[in-house]
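Please consider the following note while looking at the model. The points are numbered so that each can be checked in turn.

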Amino acid sequence: MKLYLILARNLFSLFDGTGIMTRNMRKPSTPVFGWVATTLMKAGNAKVAVSAVQELRVSQTDCVCEVGSGNGLALLEVVKQTSQAVYAVEISGIFRSQLRALNLGQNVSILDRDASNLKSEIDDNSIDKLLGVNLVYFLTPLNVYLDEFFRIMKPGGMGIFACKFDKIQNFDETVAPNKSEADVVQALLQSGFKATSEFIDLGDINSRYTAIKFYKPFF
Ligand SMILES: C[S@@+](CC[C@H](N)C(=O)[O-])C[C@H]1O[C@@H](n2cnc3c(N)ncnc32)[C@H](O)[C@@H]1O
């Protein structure tokens, strides 16, 4: 294993559960902890991001919104599947710069918005597929975000939250309150979605995740 990755993992273990580490896992923003967070995301989330896009079954005619795209691991897969509009909603300026550098294409819009309010950019009933990888833990209050996702998704549209709940149980509750699969599914149902969840094991310790799949009903 590379030395810098060992260092990042050790620093994370030392500070796991602190407010500053959790805030940087939500949105990398300070030099040392931000570096730890971005390093761990890049090294640990690639397989899950690719698998989550496969689970989403994006077609050439799908409009897609990814919330919390980070360094673009999932987005790189999404743009291979569709030529329609793709929105990457990302509150981190560092990540938005990295996403722009990927030159993903004319159909990709990188939005510097909090996902709780996308009214000025994304129309009602316009998104076929919505994705959030390692995101839902941080959305608070969760129902406000889910209502916004319900607004932008088309009837019949599908979303996936890819979650590693086992890895985030020590996170600071005030920053990451959504630590339970059952609670997230319940919140989705309350917002009007249909929801199911599935545990997916891609073979190594960083690549086991829960895919919470949700659907906006036609009626
Ligand atoms: C834990 S990181 C995951 C990044 C990437 N999806 C991955 O799995 O590597 C969470 C990401 O969501 C973004 N984010 C967090 N809260 C957000 C919000 N309310 N609206 C938009 N983006 C948000 C952060 O900036 C960060 O890029």
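1. Helix 2 is largely enclosed by the rest of the structure, because six of its eight residues are buried. A residue counts as buried if 20 or more other C-beta atoms lie within 10 Å of its own, as exposed if 12 or fewer do, and as partly exposed in between, with C-beta atoms placed from the backbone. The buried residues of helix 2 are Met21, Thr22, Arg23, Asn24, Met25 and Arg26. Helix 1 (3-15) and helix 3 are among what covers them. Helices (H or I, at least four residues) and strands (E, at least two) are DSSP runs, numbered from the N terminus.

2. This is a predicted model, in which local features need pLDDT of at least 70 and side-chain atom pairs count only at pLDDT 80 or more, while totals for chains, interfaces and linings use all residues. Residues are numbered from 1 along each chain as its sequence is written.

3. The protein chain is divided into domain 1 (1-44) and domain 2 (47-215), with bounds from an automatic or database domain assignment. Taken over C-alpha atoms, the centres of domain 1 and domain 2 are 21 Å apart. Their contact takes 13 residues from domain 1 and twelve residues from domain 2; two residues are in contact if their C-beta atoms, placed from the backbone, lie within 7 Å.

4. On the side of domain 1 that touches domain 2, the elements giving two or more residues are helix 2 (19-26) and helix 3 (31-44). Helix 2 gives the most, with five residues. By class, this side of domain 1 has three nonpolar, five polar and five charged residues. Here Ala, Val, Leu, Ile, Met, Phe, Trp, Tyr, Cys and Pro count as nonpolar, Asp, Glu, Lys and Arg as charged, and the others, Gly among them, as polar.

5. Of the 23 residues around the ligand, Asn45, Gly68, Gly70, Ser92 and Ala115 come nearest; a residue is near a molecule if its C-beta atom, placed from the backbone, lies within 6 Å of it. The shell has 13 nonpolar, six polar and four charged residues.

6. Strand 7 (residues 208-215) pairs in the antiparallel sense with strand 5 (residues 153-163) over six bridges, and with strand 6 (residues 194-201) in the antiparallel sense over eight bridges. Two strands pair if DSSP finds at least two bridges between them. In strand 7, Ala211 is the bridge partner of Ala162, and Lys213 that of Thr196.
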